[in-house]
Amino acid sequence: MVADRPITLDRAAGVLLGGACGDALGVPYEMAAPPVGEAVMKGGGLGPYEPGEWSDDTQMTLCVADVAAQGVDLTSAEGLDAVADAFSAWLVGGATDVGAQTRTVLAEAERLAGRPHERLTAASQALHERTGLTAGNGALMRTSVVGIWNIGDRFATARAARAIAELTHADPLAADSSVLWSEAIRVATTEGRLDLGAGLDLVTPSHGDSWAQWIEEATGEDPKRFVNNGYSVTALQAAWAAITTTDRGDASAMHLQRGLQAAVGAGHDTDTVAAIAGSLLGARYGASAVPTQWRRVVHGWPGYRAHDLVEIAVCTWSGGRTPGTWPSVATMADPAIGQLGLPHPIDPDIVLGTMSDLARTAELGVQAVVSLCPLGLEDVPAAGIPPRDHLEVWMNEDDSEDSNPHLDFVLDDVSSALRQFRAEGKRVLVHCRDATHRTPAVALRYAVDLGVAPELAERSILQAMPGIRGEGRLWHVAAHGISG
Ligand SMILES: [Mg+2]
């Protein structure tokens, strides 16, 4: 069976989500004391920000992403105008904090004549001629989505990365860093590997050797060595050091969390370094590797949450929105699917259901929802459920290894989210499309995690839910883990 959402789509969906989570995780520690123990999304920082709120890095990324998701050519004058307009509108209407160089260029461009992108590029160039210091990390921090905009064309990707960087950052090193990171994201998404050197032939030729050396210097190095990371080169090095020092070579989803902790640990511009690292880790490991505790709270300008980041990334990856097709569809509800609303045999405050149960949260008396299947724009959050209490989980229905690369991690993560909701005193609906495979597998893992012996848990779920598949990889891993 072909996966309903293939692995490359999972990875593309992880680019914005991973970057935003890095940003929100780094926000509390920007130019401040390092975390004691693990970094947490506790808010504060320069905004100050709410817990889980992202900052200018993700805000500016979304200016680019909202254009990219419309299927617009990011190398065209129209595409660059749209991005330039979005930056200017953001400065007036959305910016919670702004990098010094970006603010200067956006303000000076207002006084120039010409098309929006020409005014920005000219102001950026003028600043460079005046100061010679325009290689701040503000272009690199917002480049991520460029890596999934034209997934089959590395040259177009590089042209777009450079042109968008040059809107505010004229120094070729700033553009080069965006080119390298965008190409690394493109490679990670399409091939599932981390290779920052993949774009070395695309940088400014006279800087090629320096970039090769800078990458080598950062590989496996302590990210704290690059604490002076307001500069494009050192920000890239800090992010790459954080990724490579935490890579155990086991392709584990946990690398995403380890890498982001290390990125925040680099210090100084923590949100930016972690946003940069998060976009590449998200591309490598996918939306499915982003833990639910982060997805619940991550949010920010312009009023987006995890669902929106995934929708925008998926539409960018697929070349624009196709109305009526997931994710650009109002609802995934299907009247042909019956309701279930069955109490979990071990914990009756976990309600097992189908897509049709999503419309009756009040009737079921639930205060939280965990959705295991793709949802439409109006399905989330479900009626009466606060956005942070409606979790969407990236899990495919078929049993091939490729479609759920981190199955054990995801089952573990969902089960812990369920226990968390229950600890908060909430009754929870867990549902997928038709409750024949994903929902029972999660119900099974939850029972096992509550201490029920796997064989007994399997029997009780099978008895409670006759007609489920009750076999295959999802079911087996839910009961016994990946090695069982
Ligand atoms: Mg920031």
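Trainee: How do the axes of helix 9 and helix 11 cross, and what is that crossing called?

Mentor: The axes of helix 9 (residues 232–245) and helix 11 (residues 270–285) come within 9 Å and cross at roughly 55°. That makes helix 9 oblique to helix 11, because angles under 35 degrees count as roughly parallel, over 145 as roughly antiparallel, 65 to 115 as roughly perpendicular, and the rest as oblique. Axes are lines fitted to C-alpha atoms, for helices over the stretch in contact, with angles from 0 to 180 degrees between N-to-C directions. Helices are DSSP runs of H or I with at least four residues, strands are runs of E with at least two, and both are numbered from the N terminus.

Trainee: Which residues make the contact between helix 9 and helix 11?

Mentor: Contact means heavy atoms within 4.5 Å. Helix 9 contributes Ala235, Ala238, Ala239, Trp240 and Ile243, and helix 11 contributes Val273, Ile276, Ala277, Leu280 and Leu281.

Trainee: What should I know about the model and the numbering?

Mentor: This is a predicted model, in which local features need pLDDT of at least 70 and side-chain atom pairs count only at pLDDT 80 or more, while totals for chains, interfaces and linings use all residues. Residues are numbered from 1 along each chain as its sequence is written, and side-chain values use heavy atoms, without hydrogens and water.

Trainee: What makes a residue a donor of the magnesium ion, and which residues are the protein donors?

Mentor: Donors are N, O and S atoms within 2.8 Å of the metal (3.2 Å for Na, K and Ca); water is not among the atoms, so sites may look incomplete. Ser55 (OG), Asp56 (OD), Asp57 (OD) and Asp271 (OD) lie 1.9 to 2.4 Å from the magnesium ion. Their spacing in sequence is S-D-D-x213-D.

Trainee: Why do Asp56 and Asp57 count as buried?

Mentor: Buried means under 20% relative accessible area, exposed over 50%, and partly exposed in between (1.4 Å probe, protein chains only). Asp56 has 5% relative accessibility, so Asp56 counts as buried. Asp57, at 0%, therefore counts as buried too.

Trainee: How do you know that strand 5 pairs with strand 7 and strand 6?

Mentor: Two strands pair if DSSP finds at least two bridges between them. Strand 5 (residues 368–371) has 4 bridges to strand 7 (residues 428–431), running parallel, and 3 bridges to strand 6 (residues 390–392), also parallel. Val430 of strand 7 is the bridge partner of Val370, and Glu392 of strand 6 stands opposite Ser371.
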